[in-house]
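Student: I would like a close look at a single part of this model, with some context for the whole chain. Please keep the answer plain.

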Amino acid sequence: MSSQITCVGWVKRGVAKETPDKVELSQEELQRIISEAKEELGDQEAEDEEEDDEGMPPEQDANAADNVEGGNGENKEGKDEEDELAEYGLDKYDEEDTVTTNLGDSLAGLTVFSSNEEDPYITIKDTDQYEREDFQIKPSDNLILSGKADKDCCNLDIYVYNPEEDSLYVHHDILLPAYPLCVEWLNFDSNPAEGAVNYAAVGNMTPQIDVWDLDVVDCLEPAFSLGSKKASKKKKKNKKGAAAEPVKGHTDAVLDLSWNKLVRNVLASGSADNTVILWDLSQGKPATTLCRHTDKVQTLKFHPFEAQTLISGSYDKTAVLYDCRSPDDSYRTWRFSGQVERLVWNHFSPCNFLASTEDGFVYCLDARSDKPVFTLRAHDAEVSGLDLSSQIKGCLVTSSADKHVKIWDILGNKPNLVHTRDMKMGVLFCASCCPDLPFVYAFGGQKDGLRVWDISDVAAVAEVFSGRECLVVNTGSQASTSAATAGMEVS
């Protein structure tokens, strides 16, 4: 079975470092990382054993004692058999060689040829030039962040995409600790000396959010983390009545992330613990916890022009709009026909947002009104991907668990279907538009990996949208609705 792509995101052109750094670990750093990993695994095993012991019925011990007494008669025969097999050393067959038990020594001791010239198995000796070209990231390159889940491991693949050169390849990847659920690009670092950074925040099946440096290749640790994986353990212990420290972060899986581009030290996260947390990245701690939902918070999004405005959607079939300056007092709620899957602000009409649901509907709502602007029966199953074109007004793309991608024209709030396609990727999980190329979308699904599609190649799409102005949205300094209209630049 091929890999699942569970989440996708884009990095704008010119952001990534032209020549990324490579990690070189010393023997001490390698040993430290291995020791921490072993300690974490040991804690997990200890917790599992505790849960198993609690679930074991008391009668089991008595039965075990009876079995020992009844088995004495068979001991003699078994002993003879063991004596015959002892000379073959079968009892130690699965044990590792003590020479390689130290993982650090075994990794550090791997030997390679110093150059391709000495390696008899390499026929093309001069590959350095090709490797350097692929390793270098050009100003015209976009990066695509792809959360990948295989049977044995999970990765964040960083693709290089350049349509002019017809190139799409994995530049490098990051080994993730758990199944990835969401990814969000950001460029804020609490250390002012760092300058411009290129980070990706990843939410997964644990309560912890890991923030990775995309300009570092072969990194084994995130640049920093928010929350703690042990939060869920603290929650379990608290249920048993034992005293537990206050949890600083989520207590369940992180389902979605949204970075505030206007107040750059703020990151919002929605979780399966029914809460939304606003993180202060400069402190690495929660600033506010919002508890307006009664079920898992599946999706959330900051407004592109109003720094204080956030909207979240939940399994409880509601969407909540917050004024983050006073979220306990200033909020508004809408109720839908099904669980809310995705939310997106309409950057061409800043008072409007779109919401998709598990029963296949897409709603357009005005933040100032209770009634929807329009309701669209878009798919036959949950609408898992929902994104407007970054620059073409009225162009909406949806993807669904019904395995189809649909392209809509919603100009004038009158949605019309332009094109539909079975992507042959199984159930579709996500869709995202390129910030620099308004017709290029990335999709992730159940099989066949990442798919990038330029929808303008479809004749019907080109006919409908090719004549429209290309509007570049500038969210650099706007923080109000009045500034939002001035934030459109026509190209």
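What does the accessible surface of the protein chain come to, and what share of it belongs to carbon and sulfur atoms? After that, please take Ser400 and describe its place and its contacts.

Tutor: This is a predicted model, and what follows is computed from it. The accessible surface of the protein chain comes to about 26000 Å², and carbon and sulfur atoms account for 47% of that area. The protein chain has 491 residues, of which 45% count as buried. Its secondary structure consists of eight helices and 31 strands. Taking contacts between residues at least 6 apart in sequence, 49% join residues at least 24 apart.

Now to the residue. Ser400 is in strand S24, which covers residues 395-400. Ser400 counts as buried because its relative accessibility is 0%, and the cut-off for buried is under 20%. A polar atom of the Ser400 side chain lies 3.0 Å from the backbone nitrogen of Asp402. With neighbours within four places in sequence set aside, Ser400 is in contact with His379, Ala381, Glu382, Val383 and Ser384, and also with Val427 and Leu428.

Leu428 touches Ser400, and strand S27 spans residues 428-433. S27 is mostly covered, with five of its six residues buried. S27 pairs with strand S28, residues 440-445, in the antiparallel sense over five bridges. Within that pairing, Ala431 has Phe443 in S28 as its bridge partner. S27 and S28 form a hairpin, and six residues lie between the two strands. As a general point, side chains in a regular strand alternate between the two faces of the sheet.

Elsewhere in the chain there is an open sheet of four strands, in the order S15-S16-S17-S18, with antiparallel pairing. Its edge strands are S15 (297-302) and S18 (331-335), each of which pairs on one side only. From one strand to the next, the twist averages 15°. Strand S17, residues 318-323, runs antiparallel to S18 and is joined to S18 by five bridges. In this pairing, Val320 stands opposite Thr333 in S18.

To return to the residue you asked about: Ser400 is a buried residue of strand S24, with a side-chain polar atom 3.0 Å from the backbone nitrogen of Asp402 and contacts that include His379 and Leu428.

Terms used
Residues numbered from 1 in each chain as written. Predicted model: local features only at pLDDT ≥ 70, side-chain atom pairs only at ≥ 80, totals over all residues. Heavy atoms only, no water. Buried < 20%, exposed > 50% of the residue type's maximum accessible area, 1.4 Å probe, protein only. Contact = heavy atoms within 4.5 Å. Areas by Shrake-Rupley, 256 points an atom, 1.4 Å probe, with all protein chains shown as cover. Polar contact = N/O pair within 3.5 Å; in protein donor to acceptor, adjacent residues only side chain to side chain. Pairing = 2+ DSSP bridges. Axes fitted to C-alpha atoms, helices over the stretch in contact; angles between N-to-C directions.
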